Amino acid sequence: MSDEDSEDAGRPVPAAGWRRFIETPLIACGALAVFAMMFLSVGDALLRSLFNAPIFGANDYTQIILSIAVSISLPLCVLAGRVIAIDTLVALLSDRLRRPVDVLVSVAGAVMMAYLAWRALLNAREAARFAETTLLLQLPLDISYYALAAGSALAALLLLTESGRHES
């Protein structure tokens, strides 16, 4: 099955080489984060309903884990070629123009993701400096910002390296 067949069928293209080296740990960590949120939410709801004993600080834990899961999803979307695309406009372009437009859009996306990474890094430093924390458990919020900065920076790098790889 070719790459085009896999994409057309809605299935992700299998990773190879350096892509697998990046993608596999991201998928594992993302799955772990999602399952942790799921077990935390279900456990909290069950304990609250059955024993009137909710998990103390479940919302705080969920807040931090969710920010990490979102950060992991950014580079995974780039690797899967599933970033926002307007295929209708691309289909109107000639084959000769598709490649330059794809590269231009990828570079613009990388610049935006790099800016987001830079702003998240600045916010993380400010959150650490002012000791910003969650409401109940007083977990440091800079972790969320650092995770977002790392995910955005990796997504920006991947946008540059993957530009043109997922053509229509």
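View 1. Tryptophan 118 is partly exposed, with a relative accessible area of 46% (buried means under 20% relative accessible area, exposed over 50%, and partly exposed in between, with a 1.4 Å probe and protein chains only). This is a predicted model, in which local features need pLDDT of at least 70 and side-chain atom pairs count only at pLDDT 80 or more, whereas totals for chains, interfaces and linings use all residues. Residues are numbered from 1 along each chain as its sequence is written, and side-chain values use heavy atoms, with hydrogens and water left out. The structure holds two aromatic pairs. One of them joins tyrosine 115 and tryptophan 118, which form a tilted pair with 5.7 Å from centre to centre and 45 degrees between the planes. For such a pair, the centres of Phe, Tyr or Trp rings (for Trp, the six-membered ring) lie within 6.5 Å; planes under 30 degrees apart count as stacked, over 60 as edge-to-face and the rest as tilted. Both residues, tyrosine 115 and tryptophan 118, belong to helix α5 and stand three residues apart, about one turn of the helix. Helices (H or I, at least four residues) are DSSP runs, numbered from the N terminus. Arginine 119 lies over the face of tryptophan 118, at 5.6 Å from the ring centre (CZ of Arg or NZ of Lys must be within 6 Å of the ring centre and within 35 degrees of the ring normal).

View 2. Arginine 48 is partly exposed at 44%, while aspartate 44 is buried at 10% relative accessibility. Aspartate 95 and arginine 98 form another salt bridge, at 3.4 Å, N to O; aspartate 95 is exposed at 64% and arginine 98 partly exposed at 22%.

View 3. Helix α6 (residues 142–162) has 21 residues and reaches 30 Å from its first C-alpha to its last, close to the 30 Å expected at 1.5 Å a residue (1.5 Å times one less than the number of residues). Its buried residues include Gly151, Ala155 and Leu159, and their cover includes α2 (18–51), α3 (58–80) and α5 (95–129). The largest nonpolar core has eight residues: Val78, Leu79, Ala110, Met113, Ala155, Ala156, Leu158 and Leu159. Helix α6 supplies the largest share of this core, four residues. A nonpolar core is a set of buried Ala, Val, Leu, Ile, Met, Phe, Trp, Tyr and Cys residues joined through side-chain atoms within 4.5 Å.

**View 4. Threonine 134 in the loop between α5 and α6.** Threonine 134 is found in the loop between α5 and α6 and is buried, with a relative accessible area of 2%. Leaving aside neighbours within four places in sequence, threonine 134 is in contact with Asp60, Gln63, Ile64, Leu139 and Leu141 (contact means heavy atoms within 4.5 Å).

Conventions
Helix = DSSP H or I, 4+ residues; strand = E, 2+ residues; numbered from the N terminus. Salt bridge = Lys/Arg side-chain N within 4 Å of Asp/Glu carboxyl O.
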